[in-house]
Amino acid sequence: MTLKSREYAKVIGQEKIAPDIYSLRIEAPQIVAEAKAGQFLSLYSADKSRMLPRPISICEIDPDQGYIRLVYRVVGAGTEEFSGLCEGDRIQVLGPLGNGFPLKEGKAFLIGGGIGIPPMVQTAKELSVIEDNSSIQIIAGYRSEQFLTEELENYGKLYIATEDGCAGTKGTVLDAIREHALEADVIYACGPKPMLRAVKDYAEKKGIECWISMEERMACGIGACLACTCQSSEVDGHTHVKNKRVCKDGPVFLSTEVEL
């Protein structure tokens, strides 16, 4: 079982890497020791009027340096506050939270859309330990502005899809897969629900094992409040209905476990 730690992490660096997209590095040795690809952290605001933490997916883990990298989009007051953090500041964090990707041997698709792209960095990094980089096919979907492309290219073959066609394939991540006639034994995906729905359908038609990381609004982040439930195909042992808690039972699910 992964042990959760609540600590004041030291900011060791932050930079803006795309419009409204920030890369934050925090020093959190206890969390680093337990964290893995697909999990997330809850970050707490210094403003006590904002009581609920903000969940942010883990982008990269560096156990040697003892830091975790989080890449997030500014979407409200909480993340706007985080974007002002500077080297030497401290922020209260809880983690690692949720279940990560169960990495398997075989040719893989790592599919990320929008702010679902950052978790693919650590997923590819961990997968590269058990698989040759030629077996790791990363398909990243952007609106237009790209980020984290250099990091992704370090661990596999990167294919890009953009809505406006400014780079790579014009269209969706599945359009890029079809354009390049790509094949895989297993899929790992994170992104907006319409993308995950399409990937789930594609995987079922192709008979490919598929693991998806769901993006939902969360409150407590530890499964107590039931604010982030999703519909499941089986009765949940906690609620006794066909629901899963994204923060506790996920955020990573076998695609056949959940309804999108």
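Residues 24 or more positions apart make up 62% of the chain's contacts with a separation of 6 or more, a contact being heavy atoms within 4.5 Å. The model is a predicted one, in which local features need pLDDT of at least 70, side-chain atom pairs count only at pLDDT 80 or more, and totals for chains, interfaces and linings use all residues. Numbering starts from 1 along each chain as its sequence is written, and side-chain values use heavy atoms, with hydrogens and water left out.

The chain contains six helices and 15 strands; these are DSSP runs numbered from the N terminus, helices being H or I of at least four residues and strands E of at least two. Of its 260 residues, 52% are buried, where buried means under 20% relative accessible area, exposed over 50% and partly exposed in between, with a 1.4 Å probe and protein chains only. The accessible surface is about 12,000 Å², and carbon and sulfur atoms hold 45% of that area (Shrake-Rupley method, 1.4 Å probe).

The largest pocket has a volume of about 1,400 Å³. A pocket here is an open set of points on a 1 Å grid over the protein atoms alone, where a 1.4 Å probe fits, with protein on both sides within 12 Å along at least five of seven lines; lining residues have an atom within 4 Å of a point. The volume is the space filled by probe spheres set on the points. The lining has 47 residues, and those nearest the centre are Arg73, Val75, Ile115, Gly116 and Glu215. Elements giving two or more residues to this lining are strands S4 (54-62), S5 (67-73) and S8 (136-142), together with helices H2 (77-82), H5 (173-179) and H6 (193-206). S4 gives the largest share, four residues. Sorted by class, the lining has 26 nonpolar, twelve polar and nine charged residues; Ala, Val, Leu, Ile, Met, Phe, Trp, Tyr, Cys and Pro count as nonpolar, Asp, Glu, Lys and Arg as charged, and the others, Gly among them, as polar.

Three aromatic pairs are present in the structure. Rings of Phe, Tyr and Trp (its six-membered ring) pair if their centres lie within 6.5 Å, and planes under 30 degrees apart count as stacked, over 60 as edge-to-face and the rest as tilted. Tyr22 and Tyr72 are a stacked pair, 5.9 Å centre to centre with 20 degrees between the planes. Tyr22 belongs to strand S2 (residues 21-27) and Tyr72 to S5, so the pair ties together parts 50 residues apart in sequence. Both Tyr22 and Tyr72 are buried. The ring centres of Phe101 and Tyr188 are 5.6 Å apart and their planes stand at 75 degrees, so this pair is edge-to-face. Phe101 is in the loop between strand S6 (90-97) and strand S7 (108-113), while Tyr188 is in strand S11 (residues 186-190), 87 residues away. Phe101 and Tyr188 are buried as well.

Helix H3 (residues 119-130) has Pro119, Met120, Val121, Gln122, Thr123, Ala124 and Leu127 as its buried residues. They pack against S4, S7, S8, helix H4 (149-153) and S11.

Some backbone details remain. Most residues other than glycine have a negative phi, and most peptide bonds are trans. Gly95 and Pro96 are joined by a cis peptide bond, with omega about -5 degrees, and Pro96 is in S6. Asp20, not a glycine, has a positive phi of about 65 degrees. Asp20 sits in the loop between strand S1 (5-18) and S2 and is partly exposed, at 42% relative accessible area. Leu148 also has a positive phi of about 65 degrees without being a glycine. Leu148 is in the loop between S8 and H4 and counts as buried at 5% relative accessibility.
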